[in-house]
Amino acid sequence: MPDTPHLTLVLGHAASGKSAWAEAQVQAQDGRPTYVATATLWDDEMRAKAQTHAARRGADWDLIDGPEDLARTCRGLTGPVLVDCATMWLMGLMMEDRDWEAPTEAWIHAMAGSDATFHVVSNDVGGGVTPDNALARRFQRAQGMLNQRLAAAADAVFLVTAGLPQRLK
């Protein structure tokens, strides 16, 4: 697919269909797809969600599970890649009170220099109410800033609502 963007950002709210849509886009590309799963499975609900995603993908994907260093992981990849999702990666860093800005810049730089084509899924968390606690407000601001940085670097940006993609860039 010669017109395939090198980096596509796929935004949406929770349960918007963004992951399923991004999976279909990646599977439509030539080559065996790689799924980079970023979530820390803190509880049974998260484990069940990860199992649902894995069952939907099937065995046709290579899986890289839980990398903290997305720059190192993405630097060596080739072919079509889905990173699902930037939100879970950010949450993991913030829950450990780690810097996310320098790793974000390194990750974006690594994707830009890679031979792979990337689809990065991320939640749009700014459309709701202002959270009632400092950690949640800090996370909401950081997620918005992360999405803006990814969108600026991306060749294409889509917002998925109710399973329907709308191209923003």
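Let me begin with what I mean by a patch: it is made of residues with over 30% relative accessible area and no salt bridge, and nonpolar side chains are joined within 5 Å. In this model, which is a predicted one, Trp42, Met95 and Leu135 make up such a nonpolar patch on the surface, and together they have about 320 Å² of accessible area. Leucine 135 belongs to helix 6, residues 134-153, and is partly exposed, at a relative accessible area of 41%.

Staying with helix 6, its axis and that of helix 4, residues 86-95, come within 10 Å and cross at roughly 135°, and the two helices are therefore oblique to each other. The crossing of helix 4 and helix 6 is right-handed.

I turn now to the salt bridges, of which the structure holds seven. In one of them, the side chains of glutamate 23 and arginine 56 meet at 2.7 Å, N to O, linking helix 1, residues 18-27, to helix 2, residues 44-57, across 33 residues. Glutamate 23 counts as buried, at 4% relative accessibility, whereas arginine 56 is partly exposed, with a relative accessible area of 40%.

Because glutamate 105 lies in helix 5 and arginine 149 in helix 6, the pair ties together parts that are 44 residues apart in sequence. Salt bridges that share partners join Glu101, Glu105 and Arg149 into one network. Both glutamate 105, with a relative accessible area of 42%, and arginine 149, at 25% relative accessibility, count as partly exposed.

How values were computed. Residues are numbered from 1 along each chain as its sequence is written. This is a predicted model: local features need pLDDT of at least 70, side-chain atom pairs count only at pLDDT 80 or more; totals for chains, interfaces and linings use all residues. Side-chain values use heavy atoms; hydrogens and water are left out. Patches are made of residues with over 30% relative accessible area and no salt bridge: like charges are joined within 9 Å, nonpolar side chains (Val, Leu, Ile, Met, Phe, Trp, Tyr) within 5 Å. Accessible areas come from the Shrake-Rupley method with a 1.4 Å probe; for residues, only the protein chains shown count as cover. A salt bridge is a side-chain nitrogen of Lys or Arg within 4 Å of a carboxyl oxygen of Asp or Glu. Helices (H or I, at least four residues) and strands (E, at least two) are DSSP runs, numbered from the N terminus. Buried means under 20% relative accessible area, exposed over 50%, partly exposed in between (1.4 Å probe, protein chains only). Axes are lines fitted to C-alpha atoms, for helices over the stretch in contact, and angles run from 0 to 180 degrees between N-to-C directions. Angles under 35 degrees count as roughly parallel, over 145 as roughly antiparallel, 65 to 115 as roughly perpendicular and the rest as oblique. A crossing is left-handed if the near helix is turned anticlockwise from the far one by less than a right angle, and right-handed if clockwise.
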